[in-house]
Amino acid sequence: MLIRLWDVQVRHGDDYARAAAEDHVRQVVVPQVRGGILDDRGRPLARNRTRLAVTVDHVALTRRRDGGRAVLERLAAVLGVPAARLSEQVRLCTAGVRPPCWPGSPYQPIPVAHEVSTRAALQIAERPELFPGVSAEPVPVREHPRGELAAHTLGYVAPSGGGDPASGIGLAGQEGLEARYDADLSGRPGRREVVVDTTGQVVRTLAATPPVAGHDLVTSIDAEVQEVAERALRRAVEGARQRRLPADAGAAVVLDVRTGRVLALAAHPGYDPDVWSGGISGRDYRELRGRLQPKAIQGQWAPGSTWKITSAAAAVKSGYALDGIYGCPGSFQVGARSFRNFRGIPLGSMPLSRALTASCDTIFYRFAYEMWLKDGGTKPVKRPKDPMQKMAAAFGFGKRTGIDLPGEAAGRLPTRSWKREFWRQTRKTSCKEAKRARSAYVRAIAKESCADGHRWWAGDAANFSIGQGDVLVTPLQLARAYAALANGGKLFTPRVGKAVVRADGSVVRRIKPKVAGRLPVPGKVLAYIRRALAEVPKSGTAAGAFAGFPLDRLAVAGKTGTAEAYGKKDTSWFASFAPAGEPRHAVVVVVSQGGTGASTAAPAVREIWSGMYGLEGRKAALR
């Protein structure tokens, strides 16, 4: 006994004393303030505000004889919620306890009500003897002073690794800029080391590290331009629906062609980002889910005739004369199939510029078919040149633009290798369909896909030339391509973030778009295409949409696109830049199932240009 006593008290006394102290030291997280997101003029798009939240001290509650049941019942009466709900919120998430429960430290205040009235807060504060361990204190929460504006671009914050939206602890950006720049915006939480007694009561603080507030993010988004774009897109969708078109989604993009900065990214339908404050129920989330996709960077549609700028550049590079005259018949024979012009209308002979202005399909069918034959046709040469596909890739299609937003889609650039891989993946299904399908037409198509689905047919080349078939692009990809055409060939990596700044306004770092590549197109060819597109609103396919527009004050160049979609109504596109002679910005609008490009997307683009430059009785959004 004496030897053991000596061993415990003398030989290992310090070790046991240290272990005993450590058993009673707890770490408590002190929440930090998240940085704001500002537009390019310093106007807040996302910021923090304070609201009254009710919290409960778990330790003080559990020390009550009844475990705090009476306190929770009185609190429930003040808050107007079931007492059982409060009991679930304050219990700790331990083994065997499923949410709802508190996943944080028992020594942190547990939020049980995220926003309460001043009257309720006073009832709690004035009667501490009835509400021991209960506090009503102001806490910071995320708010969006401009409502739905740029909601898809901003993203939202939510608990990460345990935490509660009202606590400010464990919050992380989940989408958009909140996610991409989370490390800058989030700051660092503070820490407190406290000593607790055997009952769990805090007896003293050993050390404390104050929280560090997050930095602010200044963006290139212009709030007024964003508002103009969202309003124009919404009106375009509503107008299409009045014409009994589904118009189920849409997007708009505004880029600075000289720098690659994003002025606006709009998506329809939108949503109120403040819905995330204080958490969201599963039911509300399911109802909201269809509105959450940032369609400007994730929506993918066939581009239709807006694609022809790449096909025209490829044709000239392949030897077709820039100043040549080409026939535009009502249809063109591609192999065994006749490919028709829009509505089968013949337009006679014309230069390449007019082929773009009037959007003649058959001229581009001819280019594609003859290029396909030069590559060997059904028996391709060892190394096909595939000039149209290579040119489209050089314009940035088929890969992500690299914008500083998460979840960007890559689009789809169909190539011979892509089609071969797709055939490998779908061959079994096609072969089964060839035997089981009831429709003779479906069986024939399936049989062809089963046996020869890996081949790059003449029809594939023809569809590719006018942005149909398997081609898919995002609105941002198309806007970037038109920006490169407008600025003389620079393909930028778009940027929304402009600078990270401290609370005092000093700059932590600047964010600059990079040049991702250059178009392999001579300057004179780009200038020729730009001049051709400048005629589209005057005498081309968008003349009706721009009738009465002051083109003498703002010369807009652009291209309509009407893309077919299997089982759906046409996708409406208009891609543009202005001023045509010295371009500053590119504007693209798409409306899914919105009809022709001239009837839906082009009027929306007109409205955006008018709002940006203060035309047609509107106040200028641009500085």
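So, burial first: of the 623 residues in this chain, 51% count as buried. Keep in mind that we're looking at a predicted model.

How far does the C-alpha trace span along its principal axes? Roughly speaking, you get about 110 × 60 × 50 Å. In terms of secondary structure, the chain holds 23 helices and 23 strands. And if you take the contacts between residues at least 6 apart in sequence, 69% of them join residues at least 24 apart.

Okay, let's zoom in on some strands. I'd like you to find β22, which runs over residues 568-578.

Now, who are the neighbours? On the one hand there's β21, residues 557-565, which pairs with β22 in the antiparallel sense, over eight bridges. If you want a spot to look at, go to T560, whose bridge partner in β22 is F574. β21 and β22 make a hairpin, with two residues between them. Have a look at G567 while you're there: this turn residue has a positive phi, about 75°.

On the other hand there's β23, covering residues 585-592. β22 and β23 pair in the antiparallel sense too, here over seven bridges. A pair to pick out is A575, which stands opposite V588 in β23. There's a hairpin here as well, and six residues take you from β22 to β23.

Let's move on to a couple of helices. In general, you describe two packed helices by the angle between their axes and the distance between those axes. Our pair is α20, residues 475-487, and α21, residues 523-534. What angle do α20 and α21 pack at? It's about 110°, and their axes are 8 Å apart. That angle falls within 65 to 115 degrees, and α20 and α21 are therefore roughly perpendicular to each other.

Which residues make the contact? From α20 you have Y482, L485 and A486, while α21 brings in L526, I529, R530 and L533. Sort them by class and the α20 contact with α21 comes out as six nonpolar residues, one charged and no polar ones.

How values were computed:
Residues are numbered from 1 along each chain as its sequence is written. This is a predicted model: local features need pLDDT of at least 70, side-chain atom pairs count only at pLDDT 80 or more; totals for chains, interfaces and linings use all residues. Side-chain values use heavy atoms; hydrogens and water are left out. Axes are lines fitted to C-alpha atoms, for helices over the stretch in contact, and angles run from 0 to 180 degrees between N-to-C directions. Helices (H or I, at least four residues) and strands (E, at least two) are DSSP runs, numbered from the N terminus. Angles under 35 degrees count as roughly parallel, over 145 as roughly antiparallel, 65 to 115 as roughly perpendicular and the rest as oblique. Contact means heavy atoms within 4.5 Å. Ala, Val, Leu, Ile, Met, Phe, Trp, Tyr, Cys and Pro count as nonpolar, Asp, Glu, Lys and Arg as charged, and the others, Gly among them, as polar. Buried means under 20% relative accessible area, exposed over 50%, partly exposed in between (1.4 Å probe, protein chains only). Two strands pair if DSSP finds at least two bridges between them.
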